[in-house]
Amino acid sequence: MKKLLLILSVLLLSYSTYSQEYYEIRTYQMKFRGNTGILENYLSKALIPALNKYGVNKVGVFKDMGKPEPTIVVVAIPFASIEAYAGYKDALEKDANYQEVSKPYFEQVGLEKPLYEKISTYLAKGFSGHPSMKLPVTNPSRIYEWRTYEAYNEDALRRKVDMFNADELKIFDRVGLHNVFFGEVMAGENTPCLTYMVAFENMAERDANWAKFGSDADWKRIVNDPRYANSHSRTVRRFLEPTIYSQW
């Protein structure tokens with residue numbers, strides 16, 4: 001019996017260590033004169049508590065540091081498995097408190113009540129080399145850099161993901177590009193692509209550590225490796241700051 005329990009413990013530890021998370025990343029593009037307060041009240045008072053009750057313990061909510069008009073709100077939700085992702089909307093439907101608190105948001109419909117233009121959504125699977133989210137920077141002035149690398153085709157994306165798993169993630173760690181999450185996008189706009197976030201204490205640390213990355217000997221080696229040539233076609237980035245109710 002003790003031997004069986006030991007085997008089960010090892011298996012559970014292995015699963016928790018290597019299981020790849022899934023990430024839903026939403027971008028709310030507000031309308032001009034859209035009531036951002038209603039959206040934020042929904043996120044902070046209804047969605048996040050309901051997701052926490054469901055077992056999703058870290059929901060990130062951010063605003064674009066450039067303060068564009070209309071406002072951009074980004075929500076990142078980590079799920080432990082694809083089954084957890086598949087079931088969460090049904091759970092919200094059955095959550096009476098969520099439905100009640102969400103009413104002001106759900107009632108924001110019609111031309112006379114502008115809210116947002118659309119929600120753009122990515123569903124991404126964590127990299128094998130970075131299977132679960134980490135929160136390496138927690139100071140109040142922290143910032144996040146969200147990057148998406150679009151690829152010429154599926155094979156090019158596969159090679160770029162391989163590049164990260166084999167070498168690039170380790171370089172990120174070494175030079176202080178504090179890894180938060182990395183995911184291959186399974187569904188969403190501008191696919192094939194991958195998406196990730198890194199964190200910094202402030203913009204000065206960000207600039208200094210990206211400079212270290214650019215001059216790193218290992219980076220110079222792999223960027224010239226023919227296996228990874230033409231592995232992505234375009235980089236899209238956004239600088240984000242957490243809201244006061246963000247959980248990371």
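**Pocket and cores of a predicted model**

Biologist: Which element gives the most residues to the lining of the largest pocket?

Modeller: In this predicted model, the largest contribution to the lining of the largest pocket amounts to four residues. The elements that each supply two or more lining residues are β1 (22–30), β4 (116–126), β5 (143–150) and β8 (234–242). Of these, the one that gives the most is β8.

Biologist: What is the volume of the largest pocket, and which residues are the closest to its centre?

Modeller: The volume of the largest pocket is about 310 Å³. Its lining comprises 16 residues, and the closest to the centre are Thr 27, Tyr 122, Trp 146, Val 236 and Arg 238.

Biologist: How do the lining residues of the largest pocket divide into nonpolar, polar and charged?

Modeller: The lining holds 16 residues. They divide into five nonpolar, six polar and five charged.

Biologist: Which element gives the largest share of the largest nonpolar core?

Modeller: This core has 27 residues, and those touching the most other members are Tyr 28, Leu 39, Tyr 42, Leu 43, Val 59, Val 61 and Val 75. Two or more residues come from each of β1, α2 (36–54), β3 (72–79) and α3 (82–93). The largest share is nine residues, and it comes from α2.

Biologist: How many residues are in the other core that lies apart from it?

Modeller: Val 161, Met 163, Leu 194 and Phe 200 are among the members of this other core.

Note on methods. Residues are numbered from 1 along each chain as its sequence is written. This is a predicted model: local features need pLDDT of at least 70, side-chain atom pairs count only at pLDDT 80 or more; totals for chains, interfaces and linings use all residues. Side-chain values use heavy atoms; hydrogens and water are left out. On a 1 Å grid over the protein atoms alone, a cavity is a set of points where a 1.4 Å probe fits but cannot get out, and a pocket is an open set with protein on both sides within 12 Å along at least five of seven lines; lining residues have an atom within 4 Å of a point. Grid points are joined across faces, edges and corners, and a volume is the space filled by probe spheres set on the points. Ala, Val, Leu, Ile, Met, Phe, Trp, Tyr, Cys and Pro count as nonpolar, Asp, Glu, Lys and Arg as charged, and the others, Gly among them, as polar. A nonpolar core is a set of buried Ala, Val, Leu, Ile, Met, Phe, Trp, Tyr and Cys residues joined through side-chain atoms within 4.5 Å. Buried means under 20% relative accessible area, exposed over 50%, partly exposed in between (1.4 Å probe, protein chains only).
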